[in-house]
Amino acid sequence: MPKVLTAPGMKKCIGCYSCMLACARTTQGSLSPQKAALAIRTVGGLQSRLVADICRACPDAPCAQACRCGALVPRSGGGVKFNPALCLGCRDCVEACIVQVIKFDEVKNRPIVCIQCGTCTRYCPHGVLLMEERA
């Protein structure tokens, strides 16, 4: 069974953004963490805890259902596969995402979608993010 991204160790997160940088570099060819398909952020103020905005790998993938050009197709085990060559840049997937983690790249005119590749987990120095089989 394919594994999906989880964040079971958020209490160990120090906000180094290594995961975001690895994602942006690997999937978008960018050095900007703003181009990552996940986000580490505070819930408010310097003393607050960190949270991870990550794709939940929805089994029914509302983003794929909303995609009218076939660029997003459901992935076995949850989440989606993304074919940027088919994307029209309509943003329907961004609006359909129930956890609001799909960003839109205005320069490339296409969404920034987590493809559950696990790159972010390999660069997380504290084991905060993991690829796990869905229970």
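Ala, Val, Leu, Ile, Met, Phe, Trp, Tyr, Cys and Pro count as nonpolar, Asp, Glu, Lys and Arg as charged, and the others, Gly among them, as polar. Keep those classes in mind for this predicted model, where local features need pLDDT of at least 70, side-chain atom pairs count only at pLDDT 80 or more, and totals for chains, interfaces and linings use all residues. Numbering runs from 1 along each chain as its sequence is written, and side-chain values use heavy atoms, leaving out hydrogens and water.

**Cavities**
- A cavity is a set of points, on a 1 Å grid over the protein atoms alone, where a 1.4 Å probe fits but cannot get out.
- Four cavities of 30 Å³ or more are found here, a volume being the space filled by probe spheres set on the points, which are joined across faces, edges and corners.

**The largest cavity**
- Its volume is about 140 Å³.
- Of its 18 lining residues (those with an atom within 4 Å of a point), Cys55, Cys58, Cys63, Cys97 and Ile102 are the closest to the centre.
- The lining has 16 nonpolar residues, one polar and one charged.

**The second largest cavity**
- This one has a volume of about 100 Å³.
- Among its 14 lining residues, Cys23, Cys114, Ile115, Cys117 and Cys120 lie nearest the centre.
- Helix H1 (18-28) and helix H4 (119-122) each give two or more residues to this lining; helices are DSSP runs of H or I with at least four residues, numbered from the N terminus.
- By class, 10 of the lining residues are nonpolar, four are polar and none is charged.

**Helix H1**
- Cys19, Met20, Ala22, Cys23, Ala24 and Gln28 are the buried residues of H1 (under 20% relative accessible area, 1.4 Å probe, protein chains only).
- Just after H1, Gly29 takes a positive phi of about 65°.

Key: 1 Å grid on protein atoms, 1.4 Å probe; cavity = no way out; pocket = protein on both sides within 12 Å on 5 of 7 lines; lining within 4 Å. Buried < 20%, exposed > 50% of the residue type's maximum accessible area, 1.4 Å probe, protein only.
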